[in-house]
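This report goes through a few local features of one protein chain. Please look at the sequence and the structure below before reading on.

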Amino acid sequence: MVNYIELTNFIKKNINIEDDDLKIVLSYFKPIKKSKNEILLSNGKNSQVSYFVKKGCLRLFYVDEEGKDITRYIAFENQFATELVSFITNEPAQETIQVIENSELLYITHDDFRHLMTIIPKWKDFYSIYLEKAYVNSSKRLISFTTLDASERYKQLFKINPNIVKRLPNKIVASYINISQETLSRIKSKI
């Protein structure tokens, strides 16, 4: 039997939902286990699935014109991950979703997600809150790139999300805060 306690708590933290409606929502999520380094979505494919991380870590990244990996988003336990632009527009994804640690996930298809919005009014509220948080987080990250130097970005990351620094390789940490691995090493040695 699949344990949905983490997802239940996450949903209840974001919306007030009746138990019967919550059971319906949970029934659309399916469990899946993925191994480190597996690719869940490749650049150019349509994002038709949203993942909830029960255990482990996922990252969304793209490759810039110089061939460098740029990590845009990292999802640890109790977070959702999808290539949101593709999920919304049904256009090919511009990012890749990669498993960073062996992971236990719950996933829901795009069609099921949309269907839930038609049958469970509170699910629309959940989606709205999710989109608002995603927008705020993206805006804050973008502003940090233009207003903070490399050292300040690292310190801010460590304060806001220490798991990224503690659990992930320097290569991913550096690409997430848009600095070189060498710069990251220098910053870490001074702190």
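## Crossing of two helices

Helix α1 passes helix α2 in a right-handed crossing. The structure is a predicted model. Two packed helices are described by the angle between their axes and the distance between the axes. Here α1 covers residues 5-14 and α2 covers residues 19-27. Their axes come within 11 Å and cross at roughly 125°.

Which residues make the contact? On the side of α1 they are L7, T8, I11 and K12, and on the side of α2 they are D19, L22, V25 and L26. By type, the residues of this contact divide into five nonpolar, one polar and two charged.

## Serine 175 in helix α8

S175 lies in helix α8, which runs over residues 170-176. Is S175 buried or exposed? Its relative accessibility is 11%. Buried means under 20%, so S175 counts as buried.

Leaving aside residues up to four places away in sequence, S175 touches R59, D69, I70 and T71. With T71, one of these residues, there is also a polar contact: the side chains of S175 and T71 are joined at 2.5 Å.

N78 is not a glycine, yet it has a positive phi of about 65°. The relative accessibility of N78 is 34%. Partly exposed covers the range between the 20% limit for buried and the 50% limit for exposed, so N78 counts as partly exposed.

N90 is also not a glycine and has a positive phi of about 65°. N90 lies in a loop as well, between helix α3 (84-89) and strand β6 (96-109). At 41% relative accessibility, N90 counts as partly exposed.

Definitions and conventions:
Residues numbered from 1 in each chain as written. Predicted model: local features only at pLDDT ≥ 70, side-chain atom pairs only at ≥ 80, totals over all residues. Heavy atoms only, no water. Buried < 20%, exposed > 50% of the residue type's maximum accessible area, 1.4 Å probe, protein only. Helix = DSSP H or I, 4+ residues; strand = E, 2+ residues; numbered from the N terminus. Contact = heavy atoms within 4.5 Å. Polar contact = N/O pair within 3.5 Å; in protein donor to acceptor, adjacent residues only side chain to side chain. Axes fitted to C-alpha atoms, helices over the stretch in contact; angles between N-to-C directions. Left-handed = near helix turned anticlockwise from the far one by under 90°. Nonpolar A, V, L, I, M, F, W, Y, C, P; charged D, E, K, R; others polar.
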